[in-house]
Structure formats: C-alpha cells, structure tokens
Amino acid sequence: MNTSVFARLVAKDLYLYRWFALFGTLAGLATLPLMGAGSGMIVTLGVIGFITNIIVTGVFIVMFGLFKERQEKSLLFVLSLPVSPVQAMAAKLAASLIGFLVPWVVLTLVPVVLTASSSALPDGDIPHFVTMMAFFLANFCVLLALVAVSPSERWAIAALILTNIAASFFVVLLPQLPGIAEYRQAEVATWNTTALALVGACFAVSVMVPLLALWVLSRKRDWV
C-alpha cells in the first residue's frame, strides 16, 4: 500500500467532512441545556434534538462521502492513482469513521462528565446513555458498510431506511429493558451484565462490520 497516497485520500475526505463534524458537534452540545432543564417538554425536545443530530450527522457523512461520489463516479479518478480500489475504499471508510467519531466522542464524553459532576442528575442514567451512544456508533458503521458494498443506489437508500428504523426501535426499547430501566434513577451508575453486553456487542459490530465490508470489496472485480 502506498501509505502517502492513502493518507492524502483520508485527509482529503476529512477536509470535506469538517463542516459536518463541526456542525454536528456544536448542534449536539446546544441541545444539552435543554436536556438538563426542569420542564418535561423541554427535556423531551432536547433529547429528540440530540438523537436526531447524531443520526443526521452520520447520514450526511455517509451520503456525501460515499453515495454522492458514487453518483459522480469519483472512484474512476482515484483508480488512476497508485492505490488499489480496495485501498481507496479503505481510505474512504477510515475518513468517514474519523469524521463521525469526532462528534460522537465529544457528545458521549461531555454529557457523561456533566452528569457525573452534577448532584441534580442521577448517575444511574449514564449506562443507558453510553449504551445508546454505542448503538449509534454501531448503526453508523452498519450504514457505512452497507452503502460501501451496495451494488446500486436503491440498495444504498434501503440501507439508509433500515438503519434509521433500527435506531428508532432501539431508542424506544432500550429504556424498557430489564437491567436498564430499574437503574436509570439510581444515584450510582450500575454497569450490570445487560449494559456491558449491549455496549460490548455494539463496539464489536463497529469493528467487525467495516472489516467485513472491506473483505467483500476485496472480492469485487468490476469497479467501473
């Protein structure tokens, strides 16, 4: 692999994603005061805004980075560079992951730190929140992988719909799961087997699915 060209391809895509990452981070941080407000309606609006922001940030990165460039056939230019098609796609996947991880890390750590340092907020909700964020990361990786390997635009759009439906179901079901629901209002964060298993599964999916996508792409013969 030509590491210099690979690094430049990653840097090029990160430059394109910079505004998505920045806006996603700032918009997510802007919803945190609403989530910490006393009014139930305002809290609900803050939670909806926060969740919508993290999902939309991932969608924009994938659709702008992979879907749009596929429509414009930008890969044909990349094939003229001293990298293989799989290496070019690996660079694109890496840049997309980094572009999403920047707001994801900030929007995971800041609420956890604020909750842990506040006496007004129950620490018991931390495992629920971290589990939800871990799922959003896994859901993004699944969307990224499916769009990368999809043979047509229809399949890419189907992947977008599928992952958004999955996110909606998970957000509703997670607070009701045994091992999550009963500890959300506790004073101390309880990392039981349910929370740990869900977080571990999400991180495993986040690692394995992009690698599986690269393996599928490595078996592809027609790149035109």
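## Helices of a predicted model

Helix α4 has a kink of about 30 degrees at Leu 101, shortly before the proline Pro 103. The structure is a predicted model. Helix α4 covers residues 85–117, and its 33 residues should span 48 Å at 1.5 Å a residue; the end C-alpha atoms are 48 Å apart, which agrees.

Two further helices, α5 and α6, pack at an angle of about 170 degrees, and their axes lie 9 Å apart. Angles over 145 degrees count as roughly antiparallel, so α5 is roughly antiparallel to α6. Residues of α5 that meet α6 include Phe 135, Phe 136, Leu 143 and Leu 146. On the α6 side, the residues in contact include Ala 159, Leu 160, Thr 163 and Phe 170. By type, the residues of this contact divide into 15 nonpolar, three polar and no charged.

The mean pLDDT is 87, and 88% of the residues reach 70 or more. The table gives the helices where confidence is lowest and highest.

| Helix | Confidence in the protein | Mean pLDDT |
|---|---|---|
| α3 (residues 75–78) | lowest | 57 |
| α5 | highest | 95 |

Note on methods
Residues numbered from 1 in each chain as written. Predicted model: local features only at pLDDT ≥ 70, side-chain atom pairs only at ≥ 80, totals over all residues. Heavy atoms only, no water. Axes fitted to C-alpha atoms, helices over the stretch in contact; angles between N-to-C directions. Helix = DSSP H or I, 4+ residues; strand = E, 2+ residues; numbered from the N terminus. Parallel < 35°, antiparallel > 145°, perpendicular 65-115°, else oblique. Contact = heavy atoms within 4.5 Å. Nonpolar A, V, L, I, M, F, W, Y, C, P; charged D, E, K, R; others polar. pLDDT = per-residue confidence, 0-100. Expected span 1.5 Å × (residues − 1). Bend = angle between axes of the 7 residues up to and from the residue.
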